[in-house]
Amino acid sequence: MKISNRRSSTGGRRASAAVALGAVLALTATACGDDGSGAGGDKGAEGSGKGKIVFWDNNGGVRTDIWKEVIADFEKANPDIDVEYVGIAATEYQSKVDTAIQGGGLPDVGGVGAAMLAGFAAQQALDPLDDRLEKSSLNGKLNKDMVESLRAAGGGDDKLYSIPTSANNGVLYYRTDLFKKAGLQEPTTWERFYEAAEKLTNKSKNEFGYTIRGGAGSIAQALDAMYGQSGITTFWDSSGKKTTVNDPKNVEALEKYAGLFKKVTPAADLNNDFTKMVAQWDSGTIGMLNHNLGSYQDHVQAFGTEKFRGIPQPTGPGGKRVQVSNPVDGLGLFKSSKNKEAAWKFIEYATSHEANSKFNESAGQVPANTDAAKDAWISKAEPTKLAAEALSDGSTTIVQLPYYLPDWNTISKAENEPNFQKVLNGDMSAKDFLDTLAEQLNEAQAEWDEQMG
């Protein structure tokens, strides 16, 4: 298979971005007022600390209800500030922000997770938050690892562009009732996982052992399965210049994982993003699902707490657990905001003890606020409790994905999700897929190294 020239495609994107940014800067003088209508490059203003601010939720629909509750609490505590909520689907969020950076219409505050942070920061769309945090009551109250993850993801200037709200973690959900009926052991190892996927499949009854993510967001889940099975613990080799994604052990692991498609999974999985995949699992005839803590409450609604468990990812070679990093989520302050004082008050409130605890209890995620992380609900939400333990007890090695690369999100989504679907369909080999991905990553890293000089 011919591998595309990564450098030429990257150069084209960079040139387009430069032209767009130049146009934005030229229009800065005419950017609009306090309604979140600025564009990237607009320096904005502190404002009065009162009036209206616009908040874009980067997981609209899924988190709409809890955000509206947090906003209502905030407005009650700050009657002089009105927050306009705009929910945007996770799959559409980055493109909507990128469009607004170029043409105007940015909000005051928006969800800014690690995976898309570098791209927004590179376009100078976000305000650094180090000084605000240092003077805030939040200082010393946020999980240090989450803060540093977002700082590293922002690029090479060591500035903090997003205040963490929560950390997610990969979870293997499985139907305890179906496992018990089939006499299967808990899928704590990859060997048991594959055994269960096969034994729980009966296509004539529309019963399947597993649901695989083939649509939007598929690459991170595939990488998780790859590194978990291969036991490789670093994303880059010892030189720091070549990725390990196409290591022969990872190729073998992906071949085995992709081979599950249509053999023990529904055919509809080819196009399923996380919402469709979760809904399909919750319909009740599938044994296992890989997702994260965010869907826990959906499963509780579907099954109660007696018919399923959510456990850390299976262990691989030597009984060790390896998984790829799940991006920390957070809130960013857009530089074009004309009411930064009020916008910061909202970020400060949303990541305070009470609000951060309420949000993460609903989302089923690990709170960024260290006081919220001690609240009683965490011990009652078993997947969250187990995830927090797995991340802190030394049992898990995290392979850090290169969120700092401005091209990471494009490479891991638009450029390779269609190729992964080809792998599932048997139209592309796992090796060709991973070699293509590796060349793109290696060239993006080389460009990054050159830029950082």
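Helix α10 (residues 248-258) packs against helix α19 (residues 430-452) at an angle of about 130°, and their axes lie 9 Å apart. That angle makes α10 oblique to α19. The model that shows this is a predicted one. The crossing in which α10 passes α19 is right-handed. On the α10 side the contact is made by Asn250, Val251, Leu254 and Glu255, and on the α19 side by Ala430, Lys431, Phe433 and Leu434.

In α18 the residues involved are Asn419, Phe420 and Val423, which meet Ala430, Phe433 and Thr436 in α19. The contact of α18 with α19 comprises four nonpolar, two polar and no charged residues.

| Helix pair | Angle | Axis separation |
|---|---|---|
| α10 and α19 | about 130° | 9 Å |

Is Asn419 buried or exposed? With a relative accessible area of 12%, Asn419 is buried, as the cut-off for that class is under 20%. Leaving out residues up to four places away in sequence, Asn419 touches Met428, Phe433 and Thr436. The C-alpha atom of Asn419 is separated by 9.5 Å from that of Leu437, which is 18 residues apart from it along the chain.

Two further helices have buried residues gathered on one side. In helix α12 (residues 296-303), the residues Tyr296, His299 and Phe303 are buried. These three cover an arc of only 60° around the axis, which puts them on the same side of α12. An α-helix has 3.6 residues a turn, so residues three or four places apart point the same way. Against which elements do the buried residues of α12 pack? Their partners are β5 (170-175), α11 (274-282), β7 (286-292), β8 (308-312), α15 (377-380) and α16. Just after α12, Gly304 takes a positive phi of about 75°.

Helix α16 (residues 382-392), one of those partners of α12, has Pro383, Thr384, Leu386, Ala387 and Ala390 as its buried residues. Around the helix axis they cover an arc of only 165°, which puts them on the same side of α16. Ser392, by contrast, is a residue of α16 that counts as exposed, at 60% relative accessibility. Between the C-alpha atoms of Ser392 and Ala373, which are 19 residues apart along the chain, the separation is 13 Å. Just after α16, Gly394 takes a positive phi of about 85°.

Gln323 belongs to strand β9 (residues 321-324). At 1% relative accessibility, this residue counts as buried. Apart from its neighbours within four places in sequence, Gln323 is in contact with Asn169, Gly170, Asp224, Gln313, Leu391, Thr396, Thr397, Ile398 and Val399.

Positive phi values also occur in residues other than glycine. For Asp158, phi is near 60°. The residue lies in the loop between α6 (144-153) and β4 (163-167), and at 55% relative accessibility Asp158 counts as exposed. Lys262 likewise has a positive phi, of about 65°, although it is not a glycine. Its place is the loop between α10 and α11. How accessible is Lys262, and what class does that give? At 44% relative accessibility, Lys262 counts as partly exposed.

Notes
Residues numbered from 1 in each chain as written. Predicted model: local features only at pLDDT ≥ 70, side-chain atom pairs only at ≥ 80, totals over all residues. Heavy atoms only, no water. Buried < 20%, exposed > 50% of the residue type's maximum accessible area, 1.4 Å probe, protein only. Helix = DSSP H or I, 4+ residues; strand = E, 2+ residues; numbered from the N terminus. Arc of directions from axis to C-beta. Contact = heavy atoms within 4.5 Å. Axes fitted to C-alpha atoms, helices over the stretch in contact; angles between N-to-C directions. Parallel < 35°, antiparallel > 145°, perpendicular 65-115°, else oblique. Left-handed = near helix turned anticlockwise from the far one by under 90°. Nonpolar A, V, L, I, M, F, W, Y, C, P; charged D, E, K, R; others polar.
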